[in-house]
Amino acid sequence: MNHDPSSVPPEPIGALLCRLRLARGYTQLRLAELLCAASGVPTVSRHEVSRWEREERVPGSFWLGWLAAVLDVPLDELEIAVAATAREWAPVPAKRPSGSGLLPLAHAWLVQPPGTRPPATLTNPGRAWDRRLGPRPPTARRPATSAYATRPVDPVTFLADLRRTDDRVGGLDLAGSVEAALRTAAASPPTRPSAHRRWLALLGELGQLAGWVAADAGDPAGATAAYRIGLRAAAAIGDRPLAGHILGCASHAALFAGDPQEALLLARTGFEGARRSASAGGRALLLHRIALAAARCGERRAASTALSAADRAAERREPAREPAWLYWLDDAQLAAMTGRCLVALGRPARGVPPLAATAHPDRSAIAPRDAALYAGWLVRAYLDLGEIEQACAVAEGLLLDAVRLGSARVAAQVTALRHRLAGHRDVPAAARYARLAAEAAPYLPRSAASGRPARRAPARAASVGA
């Protein structure tokens, strides 16, 4: 079937410029500097770039030519976007193509000036589940075991309990409860105006948690729907650190789904929108998201730069000043994230020590699922170094974790590593692992979205991320 390009609405100029800029890792200031240097006309400032992206102004033909040169895109593409904006002038155009369903919202949030009323596309966070994404996620068919849905509880305490439960069990075991809590909260706005902000804050955090758990259950549509609710709620109350965190989590989900380009764009959007107000730990986490996505995109320099910046931000972290939803981010997690990124950058020898620390028997500081995911990266590091026996020793423990944890991500790690280890069956340890993996295969968790074992095609196996 031939694809008709005319059937896809052209992207408006504001969203297009923002997407192209972030894809290249430019800030608005950097783009303005490049335009001035290339054209020899020092009249474009960061504020002018911001006005273009918010579509308060449209660049004229002179600057369109230089934008095409600096951003390395065809001039025709920019002119079509300008024409589309002229036909339907609006701060946030309606339908536009997007892989995750989050990029239009992310763009609207990014260009929203701090302290101003959010645009229409970011309102109504408490409405029912977003039907435009298709049928209700499969996890919605699970029994509503959420205490939030059955009896009055303090929502803050209940949210904290859900987070702690997520530390102990996988997404397939928790997704139904968290989704029930989000649906109940979204359908129950407070009657007192004084409680409205607290309700939106709860929706934002529940949306983030529900998206994270759904992604771990192998339900990308459910994750996207939850992240949309969370992003709208965070934007409505001007909580830019939480909104940036939601986009960082969505970036991680896109990486797991095999779309590193979208993962990088989401992470860069989240960082740029939140970096001025985020805590040091929040900035470090978003920079780690950028570093890992850039490494998986093959952008080694950008990944190394982000990783160095993440280390600097982590050094300034003060746990007492971090938001409650970052309670889990400690030195062990940050070190393991660094090790993971080093392996993705092709530097496994440097990545082994921080990753091996999470595989130590006394790993109580790391949640079981996180420890299993980092173990998967440790296996990759050993394989890259040619240490097959050590890789198999860690992989056997990971196999047992995959059966116990109820996590589609951990199961996908096992499947990806099984393909890699299959090429070493002449090594006794690898042959033993192959037998154990075959015996464990029927017991691996099944994806919530498909009902099939949570696995990927061999060609994409290497893209599975922790």
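Student: What covers the buried residues of α6?

Tutor: The cover includes α1 (13-23), α3 (46-54), α10 (220-236), α11 (240-256) and α12 (260-274). Helices (H or I, at least four residues) and strands (E, at least two) are DSSP runs, numbered from the N terminus. Contact means heavy atoms within 4.5 Å. Please note that this is a predicted model, in which local features need pLDDT of at least 70 and side-chain atom pairs count only at pLDDT 80 or more, while totals for chains, interfaces and linings use all residues. Residues are numbered from 1 along each chain as its sequence is written, and side-chain values use heavy atoms, with hydrogens and water left out.

Student: How many residues of α6 are buried?

Tutor: A residue is buried under 20% relative accessible area, exposed over 50%, and partly exposed in between (1.4 Å probe, protein chains only). Helix α6, residues 103-110, is mostly covered, with 8 of its 8 residues buried. They are L103, P104, L105, A106, H107, A108, W109 and L110. For another case, consider helix α16 (residues 348-358), where P348, G351, V352, P354, L355 and T358 are buried. Among the elements that cover these residues of α16 are α15 and α17.

Student: How many residues of the whole protein chain count as buried?

Tutor: The protein chain has 466 residues, of which 56% count as buried. The chain has 20 helices and 0 strands. Among its contacts with a separation of 6 or more, 71% come from residues 24 or more positions apart.

Student: Which residues touch the most other members of the largest nonpolar core?

Tutor: A nonpolar core is a set of buried Ala, Val, Leu, Ile, Met, Phe, Trp, Tyr and Cys residues joined through side-chain atoms within 4.5 Å. The largest one here has 94 residues, and W109, Y227, L231 and Y433 touch the most other members. Helix α17 (residues 368-384) gives the most to this core, namely 11 residues. There is also a second, separate core of 24 residues, which includes A185, L203, A210 and A233.

Student: With which residues is Y433 in contact, leaving aside its neighbours within four places in sequence?

Tutor: With that exclusion, Y433 touches C392, A395, E396, L399, V414, R418 and L421.

Student: How do the axes of α18 and α19 cross?

Tutor: Axes are lines fitted to C-alpha atoms, for helices over the stretch in contact, and angles run from 0 to 180 degrees between N-to-C directions. The axes of helix α18 (residues 388-405) and helix α19 (residues 408-421) come within 9 Å and cross at roughly 145 degrees. On the side of α18, the contact involves C392, A395, L398, L399, A402 and L405, and on the side of α19, V410, A411, V414, L417 and L421.

Student: Why are α13 and α15 described as roughly parallel to each other?

Tutor: Angles under 35 degrees count as roughly parallel, over 145 as roughly antiparallel, 65 to 115 as roughly perpendicular and the rest as oblique. Helix α13 (residues 280-296) and helix α15 (residues 331-344) pack at about 15 degrees, their axes 9 Å apart. The two helices are therefore roughly parallel. A284, L285, H288, R289, A291, L292, A295 and R296 of α13 meet L334, M337, T338, R340, C341 and A344 of α15. By class, there are 9 nonpolar, 2 polar and 3 charged residues in this contact.

Student: Where does M337 lie, and is M337 buried or exposed?

Tutor: M337 lies in helix α15. M337 counts as buried because its relative accessibility is 3%. The C-alpha atoms of M337 and H288 are separated by 7.0 Å, although the two residues are 49 apart along the chain.

Student: Why does Q28 count as buried?

Tutor: Q28, in helix α2 (residues 28-39), counts as buried because its relative accessibility is 12%. Beyond its neighbours within four places in sequence, Q28 is in contact with R21, R46, V49, S50, E53 and E272.

Notes:
Ala, Val, Leu, Ile, Met, Phe, Trp, Tyr, Cys and Pro count as nonpolar, Asp, Glu, Lys and Arg as charged, and the others, Gly among them, as polar.
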